[in-house]
Amino acid sequence: MSKTIALVGALDTKGVEYAFVKTCLEARGLRTLVIDTGVLGAPTLAADISREEVARAGGIDAGDFAALVARADRGEAVEAMSRALATLLPAFRAAGRFDGVLALGGAGGTSLACRALRALPLGVPKVMVSTVAGTDVSAYVGVSDIVMIPSIVDVAGRNRLSRGVLVRAAGAVAGMVETIVPAAAPGAEKPLVAASMFGNTTAAFNVAKSLLEAAGFEVLVFLATGNGGRTMESLIASGAIAGVFDLTTTELVDELVGGVFTAGPDRLYAAVRAGVPALVAPGCLDMVDFGAPAGAFHWPEADAALFAALKAGLRADIRVIELDCAINAPEFATRCVEEFLLLTA
């Protein structure tokens with residue numbers, strides 16, 4: 001059976017562009033599911049899923065939707081429809097109604113679509129052609145696997161440049177849904193461990209990784225640079241992780257004092273909420289990332305204050321194991337793995 005691409009966007013302002021990529025996809029033998037999120041004008045392309053149906057998925061009844069249209073407030077419309085689409089799109093995916101998503105838009109359309117794309121599981125093909133794709137798109141992509149394609153020119157009609165961009169975007173999402181990811185041999189899948197590292201804990205991590213792999217785990221490595229921690233937390237929350245080997249928790253310090261690699265205030269929470277076994281070490285808690293450091297990291301009095309506060313604030317049932325060695329000493333990594341294996345046994 002041929003794959004289906006959901007085309008998601010405002011058909012009042014982008015109907016011509018969506019009609020073009022719809023033709024491109026159908027010429028390749030793919031099916032399309034056109035979802036309208038426009039509010040301010042009449043659609044110029046027939047939708048499979050009307051804007052009213054999208055609104056209902058977000059709890060907006062007919063009367064409220066009519067009032068939203070009448071107010072003609074673009075910001076309000078984008079916010080309301082983005083919330084609704086973020087409910088509808090994951091439900092459609094769970095029901096098997098599409099295999100990949102292609103969206104087109106300017107800043108407002110990108111914000112609207114990406115909120116829903118972020119709500120889809122990792123691995124679902126997601127392509128966003130956007131006027132903002134050449135800028136910092138971290139706010140739009142988050143920890144998702146959205147592929148951002150610069151529109152080069154505004155997404156406003158077709159011209160010599162935009163035709164090439166749109167054709168290739170259609171080809172990209174088509175290739176993604178048509179590609180078969182080889183399955184592992186029966187019984188070959190290993191339990192996944194989410195592990196954190198940083199430059200200053202590389203030596204310890206390398207020892208630990210070898211030991212964890214020898215014990216039968218597949219280790220997913222996340223660099224503690226803010227986005228790495230957020231991505232790790234997201235995967236832990238998804239239920240895909242069997243255990244957490246959190247050797248490097250430096251992102252907590254950046255959150256506390258304003259460093260550049262913060263992963264947000266919820267770092268470390270996902271394992272607790274998901275009930276996933278976790279070993280946590282104070283890797284690089286003695287440094288803050290503001291750029292190139294100007295002095296030595298070693299500050300014994302600060303370390304003592306950290307460990308005292310840590311032990312005072314923990315629940316009584318959480319064990320604290322102290323070793324008199326540097327974090328990169330082989331015996332530290334070995335002991336961490338031994339304790340982790342006890343937690344996951």
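## Exercises: a sheet and an aromatic cluster

Strand S4 (residues 126–130) and S5 run parallel and are joined by four bridges. Strands and helices here are DSSP runs, numbered from the N terminus (helices: H or I, at least four residues; strands: E, at least two). This is a predicted model, where local features need pLDDT of at least 70, side-chain atom pairs count only at pLDDT 80 or more, and totals for chains, interfaces and linings use all residues. Residues are numbered from 1 along each chain as its sequence is written, and side-chain values use heavy atoms, with hydrogens and water left out.

**Exercise 1.** Find the bridge partner of Ser130 in S5. Then place S4 and S5 in their sheet.

*Solution.*
- Step 1. Ser130 has Pro150 as its bridge partner in S5.
- Step 2. Two strands pair if DSSP finds at least two bridges between them.
- Step 3. The open sheet has five strands, in the order S2-S1-S3-S4-S5, with parallel pairing.
- Step 4. Strand S2 (31–36) and strand S5 (147–150) are the edges; each has a single partner strand, so one side of each lacks a neighbour in the sheet.

**Exercise 2.** Which strands does helix H5 (residues 107–118) lie across, and which does helix H7 (residues 160–178) touch?

*Solution.*
- Step 1. Contact means heavy atoms within 4.5 Å.
- Step 2. Axes are lines fitted to C-alpha atoms, for helices over the stretch in contact; angles run from 0 to 180 degrees between N-to-C directions.
- Step 3. H5 lies across strand S3 (100–105), S4 and S5, at about 170° to S4.
- Step 4. H7 packs on the sheet and touches strand S1 (4–9), S3, S4 and S5; its direction makes about 170° with that of S4.

**Exercise 3.** Classify the ring pairs Phe217–Phe340 and Phe245–Phe340.

*Solution.*
- Step 1. Rings of Phe, Tyr and Trp (its six-membered ring) pair if their centres lie within 6.5 Å; planes under 30 degrees apart are stacked, over 60 edge-to-face, the rest tilted.
- Step 2. The count by this rule is three aromatic pairs.
- Step 3. Phe217 and Phe340 are 5.6 Å apart centre to centre, with 65° between the planes: edge-to-face.
- Step 4. Phe217 lies in the loop between helix H8 (202–214) and strand S7 (218–223), and Phe340 in helix H13 (residues 330–344), so the pair ties together parts 123 residues apart in sequence.
- Step 5. The ring centres of Phe245 and Phe340 are 5.8 Å apart and the planes stand at 85°, so this pair is edge-to-face.
- Step 6. Phe217, Phe245 and Phe340 form one aromatic cluster.
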